[in-house]
Amino acid sequence: MMERRNQAGIIYWHGDTGSHQVALTFDDGPNEPYTSQILDILDEYAVKATFFMVGRNVENFPETARKVKEAGHVIGNHTYSHRGPILNTPPRVANEISKAEDVIQKVTSISPYLFRPPYGAVGPRVLRQVERLGYVVSQWSVNAGDWRGASPQKIKKRVLSQIEDGAIVLMHDGRNLSAGHDRSSTVAALPEIILSLQDRGYKLVTLPELLKLDSLENFISKGF
Ligand SMILES: [Zn+2]
């Protein structure tokens with residue numbers, strides 16, 4: 001409990017720069033068919049990743065959320081409804097995080113402790129709530145820029161040109177609350193990104209492994 005309390009509210013932008021490790025993260029899902037396609041690719045290359053899920057999308061795709069967990073990936077909290085700035089009022093922030101946590105817990109039996117704010121927007125008020133709720137914040141050091149219209153080649157180039165030891169890569173398997181948002185470019189870019197990184201000797205790991213938070217799994221109950 002102490003260890004977790006000490007980490008809560010910390011914002012990570014990347015892992016240890018002395019480690020030859022990289023963490024792939026996927027935001028805004030679950031979103032089919034793209035999340036399942038990503039899971040198949042990760043499985044094929046024996047890679048574990050981290051998925052920052054939106055609560056309402058978990059309600060829409062509960063089986064996909066369970067598949068992510070069963071495949072051994074890590075699930076993080078990306079709020080319940082991915083609203084614009086959730087910064088407006090502290091109660092709203094807390095509600096958005098808690099509601100997503102409840103859904104994730106109910107559907108996957110996982111109690112998430114990693115949080116990524118929508119749009120990376122984390123002001124002091126948000127941070128205070130995040131800390132109070134026992135969450136560690138993970139932003140990113142490499143933005144894949146996998147928005148609609150970006151070609152797989154461009155996504156791949158953007159990721160590979162920015163990669164360095166300890167990088168946290170931001171990609172998307174969904175978009176806000178829009179079910180079925182086209183993520184085929186991300187899916188198409190993924191195998192080559194993984195292959196190139198593995199060729200360069202990078203180990204692709206989950207965020208808890210990259211940030212050495214594994215011991216925190218023992219401190220999941222939030223009694224404080
Ligand atoms: Zn998002």
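Predicted model: local features only at pLDDT ≥ 70, side-chain atom pairs only at ≥ 80, totals over all residues.
User: Is Ala 179 buried, partly exposed or exposed?
Analyst: Ala 179 lies in the loop between strand E8 (168-172) and helix H8 (184-199); helices (H or I, at least four residues) and strands (E, at least two) are DSSP runs, numbered from the N terminus. A residue is buried if 20 or more other C-beta atoms, placed from the backbone, lie within 10 Å of its own, exposed if 12 or fewer, and partly exposed in between. Because Ala 179 has 14 such atoms within 10 Å, its class is partly exposed.

User: Which residues does Ala 179 touch, not counting residues up to four places away in sequence?
Analyst: The C-alpha atoms of Ala 179 and Pro 30 are separated by 8.6 Å, although these residues are 149 apart along the chain. With contact defined as C-beta atoms, placed from the backbone, within 7 Å, the residues touched by Ala 179 are Asn 31 and Asn 60.

User: How are H7 and H8 oriented to each other?
Analyst: Axes are lines fitted to C-alpha atoms, for helices over the stretch in contact, with angles from 0 to 180 degrees between N-to-C directions. Helix H7 (residues 152-162) and H8 pack at about 40 degrees, with axes 8 Å apart. Angles under 35 degrees count as roughly parallel, over 145 as roughly antiparallel, 65 to 115 as roughly perpendicular and the rest as oblique. The two helices H7 and H8 are therefore oblique.

User: How are helix H2 and helix H4 oriented to each other?
Analyst: The axes of H2 (residues 34-44) and H4 (residues 62-70) come within 10 Å and cross at roughly 15 degrees. That angle makes H2 and H4 roughly parallel.

User: Which residues of H2 and H4 make the contact?
Analyst: On the H4 side, the contact is made by Thr 64, Lys 67 and Val 68. On the H2 side, the residues are Thr 35, Ser 36 and Leu 39.

User: How many residues has the largest nonpolar core?
Analyst: Such a core is a set of buried Ala, Val, Leu, Ile, Met, Phe, Trp, Tyr and Cys residues joined through C-beta atoms within 7 Å. Those with the most contacts inside the largest core are Ala 23, Met 53, Tyr 135, Val 136 and Val 169. Its residue count is 58.

Methods. Residues numbered from 1 in each chain as written. Contact = placed C-beta atoms within 7 Å.
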